[in-house]
Amino acid sequence: MAIKVGMEVSVAMGEMVKLASADVIAAYPITPQTHIVEHLAELVADGELDAEFIAVESEHSAMSACLGSAAVGARTFTASAGQGLELMHEVLYVASAMRLPIVMAVANRALSAPLSVWGDHSDVMAVRDTGWIQMFTENGQEVVDNTLCAFRIAEHPRVLLPLMVHLDGFHLSHMIEPLLLPEQSEVDRFLPPNSYPLSLDPARPVTMGDFAPPVIYTETKWAQEVNLRASKEVILDCWKEFGDAFGRYYSPVESYHSEGARVLLLTMGSFSETAMLAVDSLRSQGVDVGLVRLRLWRPFPFDELRQAVKEAEVLIVLDRALSVGGPGGPVCSEVKAALYQVEPRPKVVSFVGGLGGRDITVSGFEEIIKRGMDIAEKGSASEFEMFGVRE
Amino acid sequence: MIGMDALIEIRWHGRGGQGAVTSAELLAQAAISEGKYAHAFPSFGPERRGAPVLAFVRVSKNEPIRIRAEITQPDVVVVLDPGLLSIIKVTAGLKPGGIAVFNTRKSAGQLRQELGISTALATVDATRIAREVLGVPITNTTMVGALIRATGVVDLESLTAPITRRFGRLAERNINAMKRAYEETVIEG
């Protein structure tokens, strides 16, 4: 029986990779991801985890090593953040197009310049279109649970895609909190061995990531699109079976007092729980508001989102990243695109905030909700508002 | 004692290398081992030895903790380094019913006058205790003892396991330093 322990979330993630019996970890340390790979390096060095820890010279090499490792059918893990994720950017596309089930933790961090080691979702948004499955987490338990689910989803024979588990830098990665870690036997029951069907083998030579002239490139991209969309079915099955086994259920879009609410706030990641407190406070003052949290980022959960917001008149979206010179928040622009064909649809108001590690407090979220309601009623000349900015 | 049913928010002030973050972590682990909800985290960012640092702990007896913002209106402030008192307003935002727990050689009365503190105040000469018991002026475990005396937020015994895990062969001395501070802490007001 699992017992609740007080543990840093990064360390717990390392423990989950150990419980998942990863074969290869190729990683380069970068704040705020460092504690994850440090812990894994210790576990390997101490002989507690029988895996290859490949200490590479850069993130580009880390992801390149992961390609080779996953291609021979080894269970493969890496972690990165911010600039590190950017340095491996081109290789991310290769991992997904070659159908390599790599699991990566991203301790979400702002992008330079100016240099910031602190958290936001700029790095997530920069890798949006790399073809990986991507999910957000709100607390340490969700990190633990979804690290386990990540291997099962990525390696599923109907998926075979790389997967990013996003955990907010510092706000999650550096938190010590109560966590339930599963027993090895529970993990072994839930996570089958990796049986990668295409693994590189001198006896059965195959070519991966071959040259694709115009006659075939479009078809490869369509195949990727079909495959990534279809992965949602396996993701839903995995979360259902995880819930049945461990008692904690996950969904692509999750709600908090949103049923029938006139006003909805939409958030991602660890700020969602703080936002819940603002929703509680405003509801106690008679404001008809609820919260919707986007967990699955890729494949984008169009149907679940439309369902979750269909009764609302106002939908306020808080992005922790900025599409500079564009529509403002990247998530908001996708939410708007998802709702454009729907009648009736809520008025959508975009806020960008919580950049580079700046906290949004409970009263901050209350302010966002009230201001969003005001903008929905009176309109606004700008595409979005930058919350709390000093001009 | 602080209202033990509600959420208790504790802010730690120290200097990089003194172990404020470790104190916060040990306290949260102790609370969690008692079946309470708790979390601990550092003031996020690059760490430099000697620079002022913050760490935060929230403890809640009955309710899971959802807020993750830094603590700006603490119930308790704990100061590991006496030198910080003159350069940082450590009691900023401290709730009127709260308590400040200081490592200091000065008396509570003297500190009240110098710093204009109106809340309850707990004082202990943690640097002396740490030097005598540990042989080094690192006051993290010592000040955990002072904090527990001042607030009762967890049982002293609940720290034994986390300190043992953390410090190994140095655990016993750290536990002794914590207990000494628990006994010597003076609470006023």
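In chain A, all 6 of the 6 residues of strand β7 (residues 163–168) are buried, so the strand is largely enclosed by the rest of the structure. Buried means under 20% relative accessible area, exposed over 50% and partly exposed in between (1.4 Å probe, protein chains only); helices (H or I, at least four residues) and strands (E, at least two) are DSSP runs, numbered from the N terminus. This is a predicted model, in which local features need pLDDT of at least 70, side-chain atom pairs count only at pLDDT 80 or more, and totals for chains, interfaces and linings use all residues. Residues are numbered from 1 along each chain as its sequence is written, chains are lettered from A and ligands numbered from 1 in the order in which they are written, and side-chain values use heavy atoms, without hydrogens and water.

User: Which residue of β7(A) is the bridge partner of F136(A)?

Analyst: Two strands pair if DSSP finds at least two bridges between them. Strand β6 (residues 133–136) of chain A pairs with β7(A) in the parallel sense over 4 bridges. Within β7(A), the partner of F136(A) is H166(A).

User: Which exposed residues does the face of α3(B) turned away from its buried side carry?

Analyst: In helix α3 (residues 126–134) of chain B, the buried residues are A126(B), I129(B), A130(B), V133(B) and L134(B). They cover an arc of only 100° around the axis (taken from the directions from the helix axis to the C-beta atoms), which puts them on the same side of α3(B). The face turned away from that side carries the exposed residues R131(B) and E132(B).
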